Amino acid sequence: MKAMRAIPAGMCFALVLSLAGCGFQLQGRQVLPPVLEQVRLEVSDRQSEFTRALRASLAASGARLVEAPAAAAEVRILQDEMTERVLSVDARNIPTDYELTYKVEIEVRAQQRELLAPELFELSRIYSFDERRQLAKDREKEILREALARDLASVVTRRLSTLQ
């Protein structure tokens, strides 16, 4: 009976060792370089889904968000836009599928030097539309917008973690 318990424990230990050895990390927290310990965000829309998600992602990764440009690295969001495009229509010319695309362009500067030249990040999702379920589909669209913003903030944070 003791041998039966030792096998699963040994397998769990081997799994933990292999995950640690391959560099596995849980998503959501990135190790940012020292130059990004203090970050100032320069944005045109402080309340966009992406800006809020990026603030949360940077804070979760250990960056301190500051307002004064003194010794902080500056992350500029040059573009922050969501577009919606009709992908298909039915026989009555009513849209049945849409594509939501979220685009952001960022630039990073610190101590009078450019750490990241303007770089475009883009994610898109497709969702179906049914006019008989208008309220549910409107809510689905909002959930997708928020999810795209969170995913894009995560992609940008991972990119920032690679800066020197």
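**Close-up views of a predicted model**

**View 1. Thr157 is a buried residue, since its relative accessible area is 1%.** Here buried means under 20% relative accessible area, exposed over 50%, and partly exposed in between (1.4 Å probe, protein chains only). This is a predicted model, in which local features need pLDDT of at least 70, side-chain atom pairs count only at pLDDT 80 or more, and totals for chains, interfaces and linings use all residues. Residues are numbered from 1 along each chain as its sequence is written, and side-chain values use heavy atoms, with hydrogens and water left out. Thr157 sits in helix 3 (residues 134-160); helices (H or I, at least four residues) and strands (E, at least two) are DSSP runs, numbered from the N terminus. Beyond its neighbours within four places in sequence, Thr157 contacts (heavy atoms within 4.5 Å) Gln30, Leu32, Leu54, Ser57 and Ser61.

**View 2. Glu74 and Arg40 form a salt bridge through their side chains (2.5 Å, N to O).** The pair joins distant parts of the chain, 34 residues apart: Glu74 in strand 3 (residues 73-89) and Arg40 in strand 1 (residues 38-42). A salt bridge is a side-chain nitrogen of Lys or Arg within 4 Å of a carboxyl oxygen of Asp or Glu.

**View 3. Arg145 and Glu49 form a salt bridge, with their closest N and O atoms 3.6 Å apart.** Arg145 is in helix 3 and Glu49 in helix 2, so this pair ties together parts 96 residues apart in sequence. Arg145 is partly exposed at 21% relative accessible area, whereas Glu49 is buried at 17%.
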